[in-house]
Amino acid sequence: MEAATPLYHFISSHQPLTQKQSRCYATNFGIVNAAQTLPDTSPSTSLESLSPLQFDYDKKFNSLNSVKTMHAKMIKLSRGWDTKKNMQYFISGYLEFGDFQSAAVLFFVGFAENYLYWNSFLEEYTYFGGNPCEILEVFSDLHSKGVNFNTEILAFVLKICSKLSDMWLGLEVHSFLIKKGFDLDVYTKCALMNFYGRCCGTESANKVFKETLIHDSLLWNEAIMVNLRNGKWAEGLQMFRDMQALLVKANSLTISKVLQACGKLGALDEGKQIHGYVIRYALESNILISTALINMYVKNDNLKLSRVVFDSIDNLDCNLPCWNSIISGYIALGCLDNALELFHEMKSSNIKPDIITWNCLLSGHFLHGSYIEVLAILRRMQSAGYQPNRNSITSVLQAVSELRYLRIGKEIHCHVIRNGLDYDLHIATSLVDMYVKNDDLTSAQAVFDCMTNRNVYAWNSLISGYSCKGHFEKAGNLLNQMKEEGIKPDIVTYNSLVSGYSTSNCIKEALGMIRRIKSSGMSPNVISWTSLISGCSQQGYFREAFEFLIQMQGEGIKVNSVTVASLLQACAGLSLLHIGKEIHCLCIQNDFLDDVYVSTALIDMYSKCGSLENAQKVFHRLEDKTLASWNSMITGLAIYGLGTEAISLFDQMREANIQPDAITFIALLSSCKHSGLLDKGWKYFDHMKTDFGVNPTIEHYSCMVDLLARAGYLDEASDFIQSMPMEPNAAVWGALLTSCRIHGNVELGEIAAEYLFKLEPYNAANYALMMNLYALSNRWNDVDHIRDKMEAMGVKIGPVWSWLKVNQRIHIFSTAAKTHPEGGEIYFELYRLISEMKRLGYKPDTRCVYQNISEVEKEKVLLAHTEKLAITYGLIRTRNPAPIRVINNTRICSDCHTVAKYMSLLRRQEIYLKDGVRFHHFKDGKCSCCDFW
Ligand SMILES: [Zn+2]
Ligand SMILES: [Zn+2]
C-alpha cells in the first residue's frame, strides 16, 4: 500500500514503526482513501507551496474531508512537515469536525516529546465534546498493536487514567514501564503517584515514592499532595516535616494544602511553624498562602492570629479571597459583628464584595438566628447586581423555613424555576425541606416528584414531614419506595419515624422502628433513643422513659443534653426527686449545666419534686437566664403558692430587660390564683395586652375565672365567662365548678357541669365534683342521678392513689389496689394520731364525703383517703429528719389537708404533698398554701 510509507514521518523519530505496524495503523487512521483520491497530484508546484515555513495557519478547514485531504497531501508531498505547529493545526482540525479518533492517533504518534501540550490536548478534546475514554481506547489499540511509546506519553496516559479512574489500564501502563525497564523521570513518577493516589489509595502511591531513590522537590511536593488530597492529613503533615528536615523546598500549593491540614488536625503549633517558614521565604504576598494561613488560624479557633495575618497583607485592595476568608472566619466563630465591621470597611475601601462575600453574610446571619436580616441581605445583594446562586438560595430557604414565611419561600421557588436552578439537587432538597417545615406537604411532595435524582436528604426531609404530621402510611410507603429506587435509608430516616411515632403517642411503633434500625444492620444512636424517651416523657409514660434510658445505656450510648432534659421532665412528672438529683449529677459530669434547656428542665424538675430551694439554686447560678428559665422559676414559685415572691421575680425579670410572653403571664396569674391575690391578678390581666403586647389566650381567661371564683366571686366569674371573646373550654368551666363546690353554690355548679358533661362526657372527675357538690347540700337523689348517668355512659371514677418512697422502695396506696401489707399497723397509728388531734380541736370535715351515709360512716370513709395512709406510713417508717414526700393524683380534700397540718405539728415532721394541682408544704401545723388551694 502506497500510503504506508509517508506515515513514517509523523511517528516520533526515535521510535520508528515497522512497515507492518504502519500499515495496520494507516487503515485505522482512515486518511488513506483521501490521500489516494487527491485531485491535484502535480508534485513540483504543490511541494513548494506547502512547505512548512509558508503554511497559512489562519486559514480554517471547511469540512472533515478538507482536513483529511490536506493532511494526506502533506504526508505525501512534504518531508519534514511534522512540526509541532503543523501537528497542532491538524489535531485541532480533526477535533473541530468531530473525528476524535484521528485526533488522538495523531497526538499519540506525533506529539510524544511535547508534554507541555498534554493538558491542553485533553482540554481541547473535551471542549469539542470528545469522550476522554476514547483517548484511552486509541492508546490501548495502538499499544496492543505493538506501537512503542516513550515515558512522557505513558505519563500522559496515566494522568487520564487517574482522571477517569481507569485502574486497570493504569496498572497495565505501570507494568509495561517496569517490563521495558524504563528509567522513569520525575514527571512519570509524579504521574504514577498521582494515579495510585486517585485509583488505588495512598499506600500504593507512597510505595512508589519510597521505591524512588532520589527525591527531588517536585516528587516530594507531589507525594505530600497525594496524601493530603486523599484526606491523609496527618501523613501529609509528617511527610512535610521530613521534607523540611532534608531542606527540600515546598511549593506554594503544597504549603497552602499543608496549612489546611493543620486546620483540620487542630495542629496550631505546626501551623505557626509553617507560618514562620512562610515569613522566612517571604511568601506572605502569595494570595493562596495568606488565605490558607487565615483559614488555618480560624480552624484553630484563633481569630486573633488570623486577623494578624490579614492585617499584615500589603496588597489588600486587590486581595478579595483574603477578605472573604477573614469574614467567613469571624462568622464561623460566631463573631457576626466583627464580620459586618470588616464588610463595611471593605466597602469603604472600594473593594467590591463578590458572591462569596455575600454568601458569607447570608449564612452568617442565618447561623446567628437573624433570619429577617438574611432576607434583607438578599435584597441588598440583588440590588448590588448579584444573582443568588445555590449557596445563597440554600441559606435563604433555611431562614424562610425558620421564619415560616411560606409566601417568601414560594417567591424564591419561582426565582429558582425562572433561573433553571430547580435541577440543582442541593436547592431542590432545600425547597422540599422549606415546604415540609412550613407544613405545606403537598408542595413538598410536588417538588420532590419533579426531582430527577433524589439524594437521601430529600427522602429524609419528606419522610420526616409526613411522620411529624402523623401520616405514617405515607411515610412508610416512601421508605419502601426509597429502598426500591436503590437509596439506602440511613439512621436519620429511621429516627424521623421514631420521633414521629413517639410524639404521636405510638410508643410501641416507635420501639418497633428502633428494632428495625437494628435489623437493618445499624445501631440506634442517641437521637433515636432520645426521641423515644422524650416521647414517653411528653405522653406521661415516665416509667417507660426510664426503662428506655437503661436500655440505651446498656447499649453503650451516652446521653446528651436533650436526653437529660427529657428525663428531667419525666422526673418532674413522677416527682422522683431522688432520680432527678442523680440526673443533676449526670449533668454536672457531662458539663450540661451551661445548656439553658437542661438548666430550665432542672428548675422545673426541682420545683415539681418539692425542692424549691434547689430550683432556686440552679436558677441563681444560671448566667444567661433566658425567658424560658425565668418562666420556669416563676411557675415554680406559683406551684408553691408563693405569689408575692413570684411577682417580685417578675419585677427582677423586667429589670433584666427580658420581655415576658404568654407563658410568663400564665405563671403570674396562676401564682396570684394560688395565693388569692385577686387585685394583682386583675392588674396583670389588664396590663398584659396594653403594656406588654401579649394577647390573653383561653389559658389566661381560665386563670382569671379560677382566681375570681375561688375568692368567692362566683357571679363575677360567671359574668366574666360570658364576656370572654372566645368559646369557654372545659378548663374554664372546670375552674368554675371546682369553686362552686368549695363555696357550695349548686345553682352555678349545675350550669358549669352541664357544659362540662357536653365538652368532656367521659371525664369522671367532673361527675365526681358535681356529686360532691350535691352531697354537700344533702341532695342525695341528684347524687344517685349522676351516678346512674355515669353508669349508663360507662364512665368510671379512676382509682385515686398516693405514693411515697421509703427506704428506696415505692409504696403505693390506691383505692383500686389491695390494702397495704402493713395496713393494720398503719390504721392503728392513724387512729392514735386522730385521737391526739381531736384533743387539740380537730373535727373531721365530713362534707368531703358524698355518699348518703351516717356521720360515723363518713368519718370512716375519710380515714381511708390514700393521702392520710401514705403520710401515716411515712411517719411510721421515716427515722431521719428528712421531709416525707407524698404524691397524690387528685386534688387534696380539705379534711386531709387539715389532718396533714396536725400531723406535721404532732410529729414535728415536714411533709411535702404534691396533689394533682400543686404543692403543699406542711410544717409546724401550717401549710405553705395558707389554706388557699
Ligand atoms: Zn382526703
Ligand atoms: Zn396546703
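Colleague: Which residues of α26 are buried?

Modeller: Ile-427, Ala-428, Thr-429, Ser-430, Leu-431, Val-432, Asp-433, Met-434, Tyr-435, Val-436 and Lys-437. Buried means 20 or more other C-beta atoms, placed from the backbone, within 10 Å of the residue's own. This is a predicted model: local features need pLDDT of at least 70, side-chain atom pairs count only at pLDDT 80 or more, and totals for chains, interfaces and linings use all residues. Residues are numbered from 1 along each chain as its sequence is written, with chains lettered from A and ligands numbered from 1 in the order in which they are written.

Colleague: What do they pack against?

Modeller: The buried residues of α26 pack against α24, α25, α27 and α28; contact is C-beta atoms within 7 Å. Helices here are DSSP runs of H or I, at least four residues, and strands are E runs of at least two, numbered from the N terminus.

Colleague: And what comes just after α26?

Modeller: Asp-439, with a positive phi of about 60°.

Colleague: Switching to the sheet. What's the strand order?

Modeller: β2-β1-β3-β4-β5-β6, an open sheet with mixed pairing. Pairing takes at least two DSSP bridges between two strands. The edge strands are β2 and β6.

Colleague: How do β3 and β4 pair, parallel or antiparallel?

Modeller: Parallel, over four bridges. Ile-887 has Lys-914 in β4 as its bridge partner.

Colleague: Which strands does α51 lie across?

Modeller: β4, β5 and β6, with α51 at about 35° to β5. Angles run from 0 to 180 degrees between N-to-C directions, using axes fitted to C-alpha atoms, for helices over the stretch in contact.

Technical notes. A residue is buried if 20 or more other C-beta atoms lie within 10 Å of its own, exposed if 12 or fewer, and partly exposed in between; C-beta atoms are placed from the backbone. Two residues are in contact if their C-beta atoms, placed from the backbone, lie within 7 Å.
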